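Please read the following points beside the sequence and the model. They take up backbone geometry, the annotated positions and charged pairs in turn.

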Amino acid sequence: MPTVHLLDYVAGNVRSLVNAINKVGYDVEWIKTPEDLENAEKLILPGVGHFGHCLSQLSEGGYLEPIRQHIDSGKPFMGICVGLQALFEGSEEDPDVPGLGLVRKRMQKFDNNTKSVPHIGWNSAMNTTAGSSGAQSFCGLNPGSKYYYVHSYAALYTPGVLEKDGWSIATATYGDEEFIGAIAKGNIFATQFHPEKSGQAGLRTIRAFLNGNQAQPLSSDISISGEKKDGLTCRVIACLDVRTNDSGDLVVTKGDQYDVREKDGIDSGGQVRNLGKPVDMAKKYYEQGADEVTFLNITSFRNCPLADTPMLEILKRASETVFVPLTIGGGIKDTIDPDGTYISALDVATTYFKSGADKVSIGSDAVIAAEQYYEAGEKLSGKTAIETISSAYGNQAVVVSVDPRRVYVNSPEDTNHHTIKTQYQNAEGQRFCWYQCTIKGGREARDLDVRQLAKAVEAMGAGELLLNCIDKDGSNSGFDLELINDVKAAIKIPVIASSGAGNPEHFAEVFESTTTDAALGAGMFHRGEYTVSDVKDYLNDKGFLVRKLDTDI
């Protein structure tokens with residue numbers, strides 16, 4: 001196969017990019033020293049996380065000048081996410097660290113007063129404008145396609161300014177801010193979005209760059225209807241609870257209020273509910289149009305997370321065929337190996353990223369960290385799993401999964417916790433409740449409410465909150481809308497609604513009645529009652545903007 005060179009400065013999940021490059025017919029060679037760049041023909045610089053960390057790593061490794069020389073020589077160069085940001089003069093994320101300065105503009109943080117930050121989800125790369133070179137399009141971008149973005153800082157767009165320097169621009173809008181989604185000039189092409197995580201649309205873009213088709217005509221075969229101002233779609237996530245069954249095999253299961261065993265009977269015998277094989281089901285949901293796939297490892301680890309080879313193998317195999325973001329939860333914490341070796345949460349996360357995960361989900365450990373945060377007078381320790389992982393890979397790489405349950409009281413004065421007045425009274429007629437955090441799969445309650453947790457983990461650097469609800473789990477009665485609205489009012493980071501989805505109408509209800517950033521389904525998909533496509537078709541028919549499947553690369 002023809003070859004492309006990849007420069008990895010420890011940028012998170014590069015396995016998916018390698019898989020995507022292989023998928024479109026190219027092999028990968030790694031740049032290991034600055035001298036290797038002399039032999040590189042096509043060069044890709046991927047990146048996630050912190051601008052300053054990325055540029056500092058490249059500078060300390062002696063790569064910045066060879067990268068400039070590669071670009072100046074006219075050889076093809078592609079930057080992805082922070083790889084795009086590196087082309088600019090600098091960023092508010094780390095004002096003291098300069099970029100390559102090839103684009104005369106600086107990155108700015110999104111305004112989080114009116115929208116969630118980070119900007120996570122599927123958005124456009126459209127309104128393409130030509131630079132002085134006259135190019136009308138680049139690298140297979142399609143105005144009807146959606147691409148996966150995950151970032152807090154962006155190059156806000158001012159019409160006509162960069163075009164005077166010869167740059168062609170494709171933009172997206174988030175709220176009232178228009179920003180650069182992709183940029184191109186001559187041999188340079190860069191995307192703020194992640195093409196390797198953007199399904200068939202992203203694979204098409206990678207192939208076009210590698211084949212030298214930067215200036216191919218704009219494709220317009222996909223119509224755009226119901227486009228919201230911000231272009232951001234309603235994100236539908238498929239979640240797979242993975243654990244060992246009684247034979248020791250990893251299977252996808254689903255519980256009723258976290259009980260995953262079949263009810264005792266003649267045929268079931270109380271066995272772990274087996275709904276399918278994780279890799280096969282992840283691929284199925286990807287092909288149905290899932291915007292993300294989440295694996296929650298709810299089994300006991302054989303020894304420690306790093307030794308849980310079957311789960312790591314699931315990630316590796318899934319990332320070969322699933323080109324949307326993969327999240328893995330379970331065991332993301334400091335641990336001790338059976339041989340006595342200390343393994344940090346950051347080490348665990350790094351292993352998962354190298355195996356194909358794009359995000360890690362932290363559960364019980366986040367609750368303990370939040371309790372310690374308040375005990376210390378709301379001061380950060382810098383040592384929690386959330387802090388260390390987000391510092392290394394960016395807050396978009398860290399999801400906190402919370403499992404609250406309702407605790408009813410007669411009045412707000414009966415508890416020190418934040419309460420809501422609910423329209424759903426309990427059997428005793430109580431109309432007030434607070435949401436109590438739990439750990440260990442809901443088995444242990446803590447003296448911490450969900451708002452306290454949400455605010456604490458946001459302060460620590462979590463980029464997203466997966467909001468479960470024990471009361472709704474397995475009920476097929478719809479999401480807890482009161483819980484979602486209460487949490488959304490307290491924090492700025494995105495929220496994923498989870499627990500209770502039983503039909504497509506529930507997804508429309510949660511996007512209509514709350515400001516949730518995404519919604520997650522599990523059992524209704526696993527049992528074959530509805531497909532992801534059914535949910536998206538229903539949302540589309542109701543006027544919600546959803547990502548439609550591209551049919552070719």
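1. Buried here means under 20% relative accessible area, exposed over 50%, and partly exposed in between, with a 1.4 Å probe and protein chains only. By that scale Asn476, with a relative accessible area of 34%, is partly exposed. This is a predicted model, in which local features need pLDDT of at least 70 and side-chain atom pairs count only at pLDDT 80 or more, whereas totals for chains, interfaces and linings use all residues. Residues are numbered from 1 along each chain as its sequence is written, and side-chain values use heavy atoms, with hydrogens and water left out.

2. Most residues other than glycine have a negative phi, and most peptide bonds are trans. Against that background, Asn476 has a positive phi, near 55°, and sits in the loop between strand E26 (464-467) and helix H12 (481-488); helices (H or I, at least four residues) and strands (E, at least two) are DSSP runs, numbered from the N terminus. Ser499 also has a positive phi, near 85°, and belongs to the loop between strand E27 (495-497) and helix H13 (504-513), where Ser499 is buried at 7% relative accessibility.

3. The peptide bond from Val117 to Pro118 is cis, with omega near 15°, and Pro118 is found in the loop that runs between strand E6 (103-109) and strand E7 (119-123).

4. An unreviewed UniProt entry places the feature "binding site" at Gly331 and Asn468; such annotations may be inferred rather than shown by experiment, feature names are shortened, and positions are given in the numbering used here. Gly331 lies in the loop between strand E17 (326-329) and strand E18 (335-336) and is buried at 16% relative accessibility. Asn468 is in the loop between E26 and H12 and is buried, with a relative accessible area of 7%.

5. The structure holds 19 salt bridges, a salt bridge being a side-chain nitrogen of Lys or Arg within 4 Å of a carboxyl oxygen of Asp or Glu. One of them joins Glu292 and Arg235 (2.6 Å, N to O); Glu292 lies in strand E16 (residues 292-297) and Arg235 in strand E14 (residues 235-244), so this pair ties together parts that are 57 residues apart in sequence. Arg235 also meets Glu464 in a salt bridge (2.8 Å, N to O), and because Glu464 lies in strand E26 and Arg235 in strand E14, the parts tied together are 229 residues apart in sequence. Both Glu464 and Arg235 are buried, and Arg235, Glu292, Lys359 and Glu464 are linked in a network of salt bridges.
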